[in-house]
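Hi,

Here is the structure I said I would pass on. Please open it first; my notes follow below.

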Amino acid sequence: MPKSTLIVNGKTQEDKGAVIDGRTNAPVRALSDALGADIQVSGKTIYVTTDDAQPIVGSGSESIDNPYIGQPKASLEKIKAGLENDTLKLLKSERDEIKAGIDQLKASSGGELTQKTIESAEKNLATYKAADIQKYTKELELINEALQALEN
């Protein structure tokens, strides 16, 4: 198999690349070192990040499915805290207020109007930002996954 010369930003690298089955292969460590990027290997996944912390190489699907992979730990922790302490906490608090209001309405005896109000509130509760809570919970899972990848 013939070796290919690897040139990064005009500088020839000692490590060689190769074309295998019509695909260009380059030594990731040599390439990342030449670009001044950080390289991390986790299982069968290779993470290469530049100074702006954007993933540029991955051998698995994580960087495609998880936009947080490769971001700096401090940034991930800040986003995580915001999601946990602000966004999700507020959404869940508002949802709990609706539940309390429903319970209060059920405790009163207001007739047909109260029953319609309860039904409306229960319908609102069923749909009340459930998609948002689910969305932000998924975001939190992705952030935790990215933080775990940094630990490996």
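Isoleucine 7 has threonine 12, in strand E2, as its bridge partner. Keep in mind that this is a predicted model. Strand E1 covers residues 3-8 and strand E2 covers residues 11-20. The two run antiparallel, with five bridges joining them. Two residues lie between the strands of this hairpin. Asparagine 9 takes a positive phi there, near 50°.

Now the whole chain. The secondary structure amounts to five helices and six strands. Read from the N terminus, the order is β-β-β-α-β-β-β-α-α-α-α.

Next, the core. Which residues touch the most other members of the largest nonpolar core? They are Tyr68, Ile69, Leu76, Ile143 and Ala146, in a core of 14 residues. Two elements give two or more residues to this core: helix H3 (73-107) and helix H5 (130-151). H5 supplies the largest share, with seven residues.

Some totals to finish. The chain has 152 residues, and 25% of them count as buried. Its accessible surface comes to about 10300 Å². Carbon and sulfur atoms account for 50% of that surface. I also looked at contacts between residues at least 6 apart in sequence. Of these, 42% join residues at least 24 apart.

If you want a place to begin, display the E1 and E2 hairpin with asparagine 9. Then turn to the core residues from H3 and H5.

Best wishes

Terms used
Residues numbered from 1 in each chain as written. Predicted model: local features only at pLDDT ≥ 70, side-chain atom pairs only at ≥ 80, totals over all residues. Heavy atoms only, no water. Pairing = 2+ DSSP bridges. Helix = DSSP H or I, 4+ residues; strand = E, 2+ residues; numbered from the N terminus. Buried < 20%, exposed > 50% of the residue type's maximum accessible area, 1.4 Å probe, protein only. Contact = heavy atoms within 4.5 Å. Areas by Shrake-Rupley, 256 points an atom, 1.4 Å probe, with all protein chains shown as cover. Core = buried A, V, L, I, M, F, W, Y, C linked by side-chain atoms within 4.5 Å.
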